[in-house]
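The following questions and answers concern the fold of one protein chain. Please consult the sequence and the structure shown here.

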Amino acid sequence: MKQLKTDIVVVGAGASGIGAALSAAENNARVILLEKGNKFGGAGMFGAQGLFAAGSRLQKASHINYSPKDAYVEMVNYTHYRSNTRLTKAIIDKSADTIDWLAKNGLQTELVNNTQEVHQNHPRVYHQYIDKFNGFQRLMNHFASLGGQLLTDASINSIDYVDGNIMHVTITHNDAKQQIDCSKVIFADGGFVGNHKMVDSYLTIDRDYLYSMGERKATGDGIQILAQLNADTSGLGVFENHAASVVSKTDPKWHNDTIFTLTNLPFLWLNRRG
């Protein structure tokens with residue numbers, strides 16, 4: 001079995017994983033970044049067009065008075081305090097710095113009007129990527145220049161401990177087993193939307209009624225490994241449904257403009273029991 005050695009293994013090369021790996025490399029850590037698919041970026045690059053921030057330089061320059069405290073109060077009220085409040089606060093408090101950090105590393109953003117009609121009168125918070133794909137490539141180029149290593153087609157299988165310390169992880173890379181000696185592992189591997197068993201286990205919604213636009217390769221590998229190690233995996237029952245639409249199970253290309261328009265009007269939605 002081929003062996004590698006590093007300080008930190010980051011699992012998942014989406015926006016979170018890239019951010020974690022590059023930050024660690026900037027602080028002189030040796031980092032190996034694993035990506036299950038054959039491309040880095042994930043939903044943060046291929047799906048999103050930008051990201052949220054409160055109190056950024058761009059907002060202040062536009063005289064938009066929307067503080068991290070304002071954002072936190074709005075978000076926890078919206079979720080009825082079901083979200084992880086400590087994590088929510090930490091993300092919001094770092095959001096403006098994140099915009100600056102991305103710009104410094106090659107991914108510029110611009111403050112744009114809120115795209116969804118219902119939020120048109122809300123203070124502007126959406127920082128849209130400029131030159132998105134090249135920007136993400138610049139992030140990865142910087143990661144590589146600092147000695148970081150990206151392995152695509154690589155999934156984690158297990159973590160081995162000795163006396164409470166991580167000794168190595170076992171991965172499958174290009175269909176071959178490999179071992180990486182390391183001292184830390186960071187999971188950023190995108191949830192479990194591609195694992196039907198986990199979806200059924202954690203959600204109260206019938207999976208047959210959901211049409212997911214998420215990545216099918218996100219099968220909860222990291223969550224399952226952490227659960228086996230008795231890590232804290234609480235909060236997995238909180239699930240975000242973004243948008244509502246009508247789909248056909250038999251024809252993925254089916255489209256009816258009239259019916260799709262109805263799904264976006266402010267009507268009362270009913271379930272099958274009325």
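Q: Which radius of gyration does the protein chain have, with 274 residues?
A: The model is a predicted one. For 274 residues, a compact globule would have a radius of gyration near 19 Å, and the value for the protein chain agrees with this. That value is 21 Å.

Q: What box do the C-alpha atoms of the protein chain fill?
A: The box is taken along the principal axes. Its dimensions are roughly 60 × 50 × 35 Å.

Q: How far apart do the centres of the positive and negative side chains lie?
A: The protein chain has 26 positive side chains and 26 negative ones. The centres of these two sets are separated by 1 Å.

Q: Which strand is joined to strand β4 by three bridges?
A: Strand β4 covers residues 50-52, and its partner covers residues 126-129. The two run antiparallel, and L51 has H127 as its bridge partner. The partner strand is β6.

Q: Which residue in β6 does E110 stand opposite?
A: Strand β5 spans residues 109-111 and pairs with β6 over three bridges. The sense of this pairing is antiparallel. The residue opposite E110 in β6 is Q128.

Methods:
Residues numbered from 1 in each chain as written. Predicted model: local features only at pLDDT ≥ 70, side-chain atom pairs only at ≥ 80, totals over all residues. Heavy atoms only, no water. Rg over C-alpha atoms; globule rule 2.2 N^0.38 Å. Lys, Arg positive; Asp, Glu negative; His and termini not counted. Charge placed at Lys NZ, Arg CZ, Asp CG, Glu CD. Pairing = 2+ DSSP bridges. Helix = DSSP H or I, 4+ residues; strand = E, 2+ residues; numbered from the N terminus.
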